[in-house]
Amino acid sequence: MNAPVPGFKARAHDKLNDAKIQRAMKNFNLAAARTRGVADLENLEDIRTAAASIRDHSLARLDLWLERFEQEATRRGTQVHWAETHDDINRIVIEIARRTAVKKIIKSKSMVSEESHLNAALEAEGFQVVETDLGEYIVQLAGETPSHIIAPAIHKNRDDVADLFVKHHGTPRKTDIGELTMEARKFLREHFLSGEMGISGGNFLIAETGSLFLVTNEGNGRMTTTLPRIHVAITGVEKVVPTLEDVSCIMRLLARSATGQSISNYVTLNTGPKRPGDTDGPEEMHVIIVDAGRTKLLGTDMQEALRCIRCGACMNHCPVYQNIGGHAYGWVYPGPIGSVLTPNYIGLENALDLPNAATLCNQCGVVCPVKIPLPELMRKLREKQVDRGLRPWQERLGLTLWAWAAQRPVIYGWLTGITARAGRFFGGADRTIRRLPGNGWTEGRDMPAPAGKTFRELYAKRKQP
Amino acid sequence: MSARDNILARIRSARGAAAASAQSDLAAIDGRINQHPVGTRPAMHWDQVPRFREQCVRMSSTVDEVASMRDVPAAVARFLTEQGLPMRAVAWPKIAHLDWTGTGVTVEDRPARGDDLVGITGVHLALAETGTVMLLSGVDTPAATSLLPETHIAVVPAGRIVLAMEEAWARTREELGELPRAVNFVSGPSRTADIEGQLQIGAHGPFRVHVIVALS
């Protein structure tokens, strides 16, 4: 159910040749927005270090911080649930929905619920589920999945949206983006006012006060947690942060890294259900704390990945993501962080291509607000693939042969000499190899031919008087 | 074993903690919460009122300034007239009980519904750093008033403007001790860029946020 769609290479190839995707990806320039956004923080590096250290502090005693969160949240009337697996998440939500007899469920963004295919599970039980983040709503109408963690419909253009709205709203076709947004506002407002359960993600859990910390620009997070009579928040075990001051420090980087804003339009802390006399707010508030593979990273050389605050900066700066889009990655989290989280959450053997889907250029590492060494983690995952014998047999055989030769200098020199001369011969007059056998490398580019002599030969010659 | 116990046991074994609650670990947790240290921040050497106004504009709010709370109704009437908006609003009781006679604005003291067009609120505090108003939910301060209407007018007494979010937490602990059900930080109107990356104002929440700073 939760395995990734195999075939990364084929999908990447398709996306590269899909003119519509290529144009759509260029509509967004979130990398430039981030650059403008961080310009007013002269001590950006120190703040990144501080934010990383806050995340590390939480992860180092995660059990105790979670217990403290649970204790403080429970004291204020929040019901805390624990989900070990994706199936647990769906089961808990369905149980709450059944017990409280809700029919319509409105959702603000939750990537964890994408992991568990919660919408499908709820619909199978007869509940109506409406995504309310505009991008998520578009993706839901299209029957697709998000292709970016903060801009879910990055792969769609206005014509796609117009077609979907005609089909699902039965309204006259609009192509102006402003008019399309207003149409979505009108339809979703009805859902907000009639939704009986609101499901949200959780950007952070604050242990000090037992609060859920939620960030949105559209205001759908506020609607979802204010209007329906039941609120269920779903978030990962790693999202707990000690204090209000700690989350304030991280917030300074979250919006800047994501969209370049100094702060998101709506930052909301929900601490328990409706209080006596309140005219709004839910009668019940639930928080589901999810493991689903996360604790496997603790205490390993992958732990730093759990610092992630889901800003999307790594994918916005990734030359691979920017060319192939999020769907090519085949699971919930795309881009560099996806290439690290997916193999860790659902198994290295289920995501063989992902750690290799990077040039290790370190753009992602440089912009990550919590200093996750993403290229380093991808390199370690590549090593693990080799250690566990998960690479294709041709590659393993090739490396074995190369290692055998490399340990025998005479044979190695002889082989490289032949290769260099053959390369020069096949390069022809313009010294360019246009096609390498059995290898897709030259499909999209040419290879400069070797000069005809090996380094060792040239070195030996130069040493002669 | 419950899911909870299994998850916590996995975390403990990963960090090599035998006992559930070593005294030194618990002391570290309590210490962090009690001291709630302020992390590394940018330098913040600015005059709070001008900084707040400037940042409100940066977040696409509009700003007005009046001498005192008594001048707020006239400022609201002026704004609604200029914008061609209906002269009718719902407001928090404290705002509704100002003297609105002669302004031409009908103000109702009740929580907002889905079809109200103008909502007027006070604030708990406001943040100079980001041009943000901080609203607390409560019996007399319903959250819906700043959310459902197309226009949100926030009245900010200058004395309630603090430097940044950290100062807001310090003041809130001092004044209230506990957090209410909802703390809402609002910085400008609702927005989205989910279609082709083009910024649109008024996705689900208000199209307009108008901030009236009352100097005394």
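Predicted model: local features only at pLDDT ≥ 70, side-chain atom pairs only at ≥ 80, totals over all residues.
Two strands count as paired if DSSP finds at least two bridges between them. I start there since much of this talk is about strands and their partners.

If you want one position to look at, take A:Thr268, which stands opposite B:Asn184 in E9(B).

Now, which sheet do these two strands belong to? The order is E8(A)-E5(A)-E6(A)-E9(A)-E9(B)-E6(B)-E5(B)-E8(B), an open sheet of eight strands with mixed pairing.

Next, the contact between the two chains. Chain A gives 77 residues to it and chain B gives 58 residues. On the side of chain A that touches chain B, the largest share comes from helix H11 of chain A, residues 177-194, with eight residues. Sorted by class, that side of chain A has 31 nonpolar, 26 polar and 20 charged residues.

Let me step back to chain A as a whole. Its secondary structure comes to 21 helices and twelve strands. The C-alpha trace spans about 95 × 55 × 45 Å along its principal axes. Chain A has 465 residues, and 50% of them count as buried. Of the contacts in chain A with a separation of 6 or more, 73% are between residues 24 or more positions apart.

Chain A also has a sheet of its own. This one is open, with six strands in the order E1-E10-E7-E4-E2-E3 and parallel pairing. Which strands are at the edges? They are strand E1, 79-83, and strand E3, 128-131, each with a single partner strand, so one side of each is left without a neighbour in the sheet. From one strand to the next, the twist averages 20 degrees. Within this sheet, strand E2 of chain A, residues 104-107, and strand E4 of chain A, residues 197-200, run parallel, joined by three bridges. A:Lys107 stands opposite A:Ile199 in E4(A).

Over to chain B, and a strand with two partners. Strand E4 of chain B, residues 118-121, pairs in the parallel sense with strand E2 of chain B, residues 88-91, over two bridges. The bridge partner of B:Val90 in E4(B) is B:Gly119. E4(B) also pairs in the parallel sense with strand E7 of chain B, residues 151-157, over four bridges. Here B:Thr121 has B:Ala154 in E7(B) as its bridge partner.

Are the faces of E4(B) covered or open? In a regular strand the side chains alternate between the two faces of the sheet. In E4(B), B:Val118 and B:Ile120 are on one side, B:Gly119 and B:Thr121 are on the other, and all are buried, so both faces are covered.

Now a pair of helices. Helix H16 of chain A, residues 335-346, packs against helix H18 of chain A, residues 374-387, at an angle of about 40 degrees, with the axes 9 Å apart. That angle makes H16(A) oblique to H18(A). The crossing of H16(A) past H18(A) is left-handed. On H16(A), the contact is made by A:Pro336, A:Ile337, A:Ser339, A:Val340 and A:Pro343, and on H18(A) by A:Leu374, A:Leu377, A:Met378 and A:Leu381. By class, the residues of this contact are eight nonpolar, one polar and no charged.

Last, two residues with a positive phi. A:Asn362 is not a glycine, yet its phi is positive, about 70 degrees. Where is A:Asn362? In the loop between H16 and helix H17, 363-367, of chain A. A:Asn362 has 16 other C-beta atoms within 10 Å and is partly exposed. The other is A:Arg431, also a residue other than glycine, with a positive phi near 50 degrees. A:Arg431 lies in the loop between helix H20, 409-427, and strand E11, 432-433, of chain A. A:Arg431 counts as partly exposed because it has 14 C-beta neighbours inside 10 Å.

That is where I stop.

Key:
Residues numbered from 1 in each chain as written. Chains lettered and ligands numbered in written order. Buried ≥ 20, exposed ≤ 12 C-beta atoms within 10 Å, placed from the backbone. Contact = placed C-beta atoms within 7 Å. Nonpolar A, V, L, I, M, F, W, Y, C, P; charged D, E, K, R; others polar. Axes fitted to C-alpha atoms, helices over the stretch in contact; angles between N-to-C directions. Parallel < 35°, antiparallel > 145°, perpendicular 65-115°, else oblique. Left-handed = near helix turned anticlockwise from the far one by under 90°.
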